[in-house]
Amino acid sequence: MAVMGIESSAHTFGVGISENGKILANEKIMYKIGRTGMIPKEVGQFHLGNAAKVISMAIDKSGLPFSEIEGIGYTRGPGMGYCLHIGMLSAKTMAKRLGIPIVPVNHAVGHIEIAKHRARLKDPVALYVSGGNSQILKREKSKNPHYRILGETFDIGIGNMLDSLARGLGLDPAWGSTVEQLAENGSYINMPYTVKGMDFSFTGLLTHALKLKAKESKEDICFSVQETAFAMLAEAAERAMLLTDSKELCVCGGVAQSKRLKKMLSMMSSEHNVKFGYAEDEFNADNGAMIAFVAEKLLASGISERLRSCDIEQRYRIEDARLWRE
Ligand code: FE2
């Protein structure tokens with residue numbers, strides 16, 4: 001079946017179309033983040049002004065007429081309320097006009113499932129790393145399948161930590177990739193390292209790093225923070241893989257675009273004979289295709305929502321998201 005997915009949880013308004021797991025379109029427009037960061041109302045206005053345009057772009061790219069779209073999904077959360085609302089309203093309007101079923105999707109499920117699909121993995125431990133999230137998860141194959149969180153950050157997501165570091169060092173947006181570029185010419189300085197079992201913490205590392213800015217180079221600070229934070233993630237993911245006896249690992253989410261993180265995870269996985277995979281960058285950045293892909297799976301297994309019951313949930317936890325049986 002051909003299903004459209006709408007993603008609008010943060011700065012991206014994305015529309016994807018999936019047909020039998022094949023991604024026919026993955027179009028997006030991104031709000032430009034300046035030094036003031038994201039003001040939810042402004043980002044929501046941006047999405048409102050661009051929604052119809054991105055939907056048309058996706059339809060054009062797919063080569064399908066509107067009449068062949070058989071279902072629609074949207075991001076229910078987590079994310080910024082105002083932005084989520086615009087995506088939900090766009091999806092509801094389409095569902096009502098076309099008379100097709102609608103289904104809410106958890107944003108994190110979208111990231112993990114598209115990574116699994118693109119990397120051809122069956123049952124991996126998933127390391128989900130983005131601005132606001134850093135979690136290690138595995139699918140529970142119970143009567144009610146769902147993702148179980150094995151480990152997560154005690155404080156902030158790794159993406160937000162890298163952005164805060166970059167802002168503190170006076171770097172330009174996009175901060176995460178600026179840190180990665182500077183790190184290429186850096187040398188290691190000792191940094192605090194905090195892993196407790198499969199959980200980890202980034203604020204101590206950030207505070208310590210920013211205290212060094214008067215006496216150490218930006219390159220050395222970026223390199224050392226990045227190496228330390230990624231090593232923490234790799235250690236926690238390694239423990240999760242061994243404890244669950246998993247033979248596969250995937251990394252997904254915005255920070256999964258980092259080449260250095262993927263290299264470290266790949267090295268660790270090969271030491272354990274574990275298959276390591278990830279999606280192409282366009283699917284790790286926020287995108288509509290991942291929502292379309294999950295919505296198609298949910299709808300095909302008979303899971304949908306009544307139009308009048310559709311809502312958004314800013315703090316929608318992944319453990320609460322219903323999954324299809326595999
Ligand atoms: Fe995301």
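Residues are numbered from 1 along each chain as its sequence is written. Because the model is predicted, local features need pLDDT of at least 70, side-chain atom pairs count only at pLDDT 80 or more, and totals for chains, interfaces and linings use all residues, while side-chain values rest on heavy atoms, with hydrogens and water left out.

The iron ion is coordinated by NE2 of H107, NE2 of H111 and OD of D286, at 2.1 to 2.3 Å, where donors are N, O and S atoms within 2.8 Å of the metal (3.2 Å for Na, K and Ca); water is not among the atoms, so sites may look incomplete. Along the chain these donors follow the spacing H-x3-H-x174-D. H111 lies in helix α3 (residues 107-118) and D286 in the loop between α9 (281-284) and α10 (288-300), so this pair ties together parts that are 175 residues apart in sequence. Helices (H or I, at least four residues) and strands (E, at least two) are DSSP runs, numbered from the N terminus. H111, at 0% relative accessibility, counts as buried, and D286 counts as buried at 14%; buried means under 20% relative accessible area, exposed over 50%, and partly exposed in between (1.4 Å probe, protein chains only).

Helix α1 (residues 40-62) bends by about 50° at N50, the bend being the angle between axes fitted to the seven residues ending at a residue and the seven starting there. The buried residues of α1, among them V43, H47, N50, V54 and I59, pack against β1 (2-7), β2 (12-19), β3 (22-30) and α2 (81-98), with contact meaning heavy atoms within 4.5 Å. After α1 comes G63, whose phi is positive, near 80°.

The structure holds three aromatic pairs, and rings of Phe, Tyr and Trp (its six-membered ring) pair if their centres lie within 6.5 Å, with planes under 30 degrees apart counted as stacked, over 60 as edge-to-face and the rest as tilted. One of them, formed by Y31 and F46, is edge-to-face, at 5.6 Å centre to centre and 75° between the planes. This pair links Y31, in the loop between β3 and α1, with F46 in helix α1, 15 residues apart. Y31 counts as buried at 15% relative accessibility, whereas F46, at 21%, counts as partly exposed. The rings of F200 and F202 have their centres 5.7 Å apart and their planes at 50°, so that pair is tilted.
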